Amino acid sequence: MTMTGFRLDGGNQSLVFVTPPTGAPRLGYWGPDLGELDLVDQVMALLPRALPGGMLDQGEALSWLPEPGQGFTGYPGLAGHRNGQTLISQLALVSAEAGRVVLQDDLAAIRLEIVLAVDPATGVLSSRTRLTNLDPVPLTLDWLAAGAFESPHAQMLMFDGRWTREFIPVRQTLTTGLLMKENRTGHTSHHAPPFMVAGEPGFGEQMGEVYGLHLAWSGDHRMFAERLRDGRIQIQAGELLHPGEVILARGETYDSPTLYLARSETGLNGLSDRLHPFVRDQIMAGRLRGSPRPVNYNTWEAVYFGHDPATLMGLADLAAEVGAERYVLDDGWFRGRPNDRSGLGDWSVDATKYPQGLKPLIDHVRSLGMAFGLWVEPEMANADSDLLRAHPDWILGIPGRIQPLGRGQYVLDLTRPEVFDNIRGQIEALLSEYEISYLKWDMNRDLTHALSAGRSAAHSQTLAVYRLMDGLKARYPNLEIESCSSGGGRADYEILKRTDRIWVSDCNDPVERQAIQRSFSIFFPPEVMGSHIGPAAAHTTARTASLAMRGLTALFGHMGMEADLRAFTPEERQQLSALIALHKVHRDLLHGGRLARLIHPDPSCLAFMVSNNTGALVSAAQVETPATSVLAHLRVPGLAPDAQYDVRMISKAPRSARWIPPLLKGQALRLSGAALGAAGLPLPVLRAGEAVVFELTRVIP
């Protein structure tokens, strides 16, 4: 069989894969749309490389799924064994049609399918693999990559973080060996989210060729870049499998999570230009298109566990008064829940706190024109709960081992049908009894001792969570779910297929939030980014911020409030109402437009723009004391250069100066897109913790 190839097109780009008779395909071209050109033969002719001394005769056999049995000595794309006998594979091509590549090794008794697809509108590439055991002897799978991308660039952008400080960008240049991020927490994680960008040296928001990669999986994962000894760089991603977790009997298959890849020649903003519409239309199947995202009011930072119906009704009155459209009752409503050490797993209303159940509160909320939402944590149970007193064996773990608690709780073994059915039944009972249209679905404990019936179970537990969400959504089609895991610990495309909002961080400090949301926005559009106006003093940092800074930060996501509104003065509630009204006026733009992160000469001035054909909103926030007394102008590229825009600052100037340009006093100025991109907007004198927003209304043509 001779070498062949196939081509995939989408988003004004083309990809050419070469399929040799042995081994997985190789990506030979990814670039501008080739149009009518047929370059498959030329790409194949250009693939061979010079062979240095000291290596095998065929060199490093790097492919979309590299195999040691084919002569690859880097990190393999497939690893496993049969009763301790290492799997040595030499996959051969069976077929390659329309992006579905089938390979088989009769001696190793395995069959591999690689499914590659390009979204026609955005050019986002998806890759997943399926392995089938063809032998009567069970196959223990240790690793199966969703794909192995050969990167032309060595500069890597990965993401670090922790609770209340998620999505922290870390840029490194790969010089040798492996640069790896692993997650073993059982959820997407705060510290090692499965996102990576590889780009040419010095790439930024607006320049440079970059490739963005995301493994869509809500459990344990591994993602790495490796420089091979011949200088090439491979990037792999896949589910991190624990010992003995996946053992395939004859005929059984394992499907990898999906790896999504996007390419841009215009930096990180170009990636977002592809990924945001892809998330909106493919990952979320367009279900949020044309549906205004309701402004949330969340009770957590107002009352914590101190629930009282009269107080909560009063807060509902104030929330509705300032413009909230959905009221979310957070933790503390169910029985045995005076704090976070007890009650989880017993999902019935606390009769002491709510003698008449939740109906009076829900009726009151709905009478004010707001929808009602409820906080739950279905995957967990406290050690101090009726559920675990009755069924102490219902947790993930192994008999005889004492495992550490997290917030006084354990992880329920949802892979067991009786546990799954119990929790599903409890949640369904709530949704059937009460008019609940929204669940804030939390997950506050890492998986430890993640075993069921003596076998590793992180994989099957993740699939069980998906099944639980899918079943609830199927039975209650109007139900929305918010993905929360101590903030942003479960943020990925696979969970987003089932949810409608991601709670990005438990930190409502707007200074911290500006940076968190900026990185989050590379891969996620604004309408799924939960962003709340918190109290003046943030409960996670103790930093005090103005209401203007809090509101202007929350303005650009899925807006909400999470504070005790009784503590707001009448003037502050009026200001809050104005901020929410501003969000509603621009909601269609904010939740459907193009988001671009802007670059200011002072790196502590974080700026971005959301635009569409009718205009734009531009934000500039100072998160540290500026290096200069007056900030440089903010260039605003990306607008129609020949169009004219009426520009005005719609936020109040944070402080006075000896002289203020008319534009910064709220007067409109008509400017062309070319002028805004080249000369930029003047900024007021900004201190740390202050922000401004400009409205650009397109008037000509």
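Before I start on charged pairs, I note what counts: a salt bridge is a side-chain nitrogen of Lys or Arg within 4 Å of a carboxyl oxygen of Asp or Glu. I also remind myself that this is a predicted model.

Entry: Arg501 sits in strand E31 (residues 501-503) and Glu482 in strand E30 (residues 480-483), 19 residues apart, and the pair links distant parts of the chain. Are they buried or exposed? Both Arg501 and Glu482 are buried.

**Entry: helix H5.** Next I turned to Asp363 and Lys359, whose side chains form a salt bridge at 2.7 Å, N to O. Both lie in helix H5 (residues 359-367), four residues apart, which is about one turn of the helix. Asp363 is partly exposed, with a relative accessible area of 33%.

**Entry: the wider count.** How many salt bridges does the structure hold? I noted 49. Arg335, Asp346, Asp384, Asp386 and Arg389 are linked in a network of them.

**Entry: a four-stranded sheet.** I then followed an open sheet with the order E11-E18-E17-E14 and antiparallel pairing. Strands E11 (147-151) and E14 (177-183) stand at the edges with a single partner strand each, so one side of each has no neighbour in the sheet. Seven bridges join E17 (residues 221-227) to E18 (residues 233-239), and Met223 stands opposite Ala237 in E18.

**Entry: strand E37.** This strand (residues 644-649) has a covered face of Tyr645, Val647 and Met649, and an uncovered one of Gln644, Asp646 and Arg648. Four bridges join E37 to the antiparallel strand E38 (residues 669-672), where Leu671 is the bridge partner of Tyr645. E37 also pairs in the antiparallel sense with E39 (residues 690-700), over six bridges, and there Met649 has Phe694 as its bridge partner.

**Entry: the nonpolar cores.** The largest core has 145 residues, and those with the most contacts inside it are Trp64, Leu125, Tyr327, Trp333 and Trp347. Helix H8 (residues 458-475) gives the most to this core, with seven residues. I also found a second, separate core of 31 residues, including Leu157 and Phe167.

Terms used. Residues numbered from 1 in each chain as written. Predicted model: local features only at pLDDT ≥ 70, side-chain atom pairs only at ≥ 80, totals over all residues. Heavy atoms only, no water. Pairing = 2+ DSSP bridges. Helix = DSSP H or I, 4+ residues; strand = E, 2+ residues; numbered from the N terminus. Buried < 20%, exposed > 50% of the residue type's maximum accessible area, 1.4 Å probe, protein only. Core = buried A, V, L, I, M, F, W, Y, C linked by side-chain atoms within 4.5 Å.
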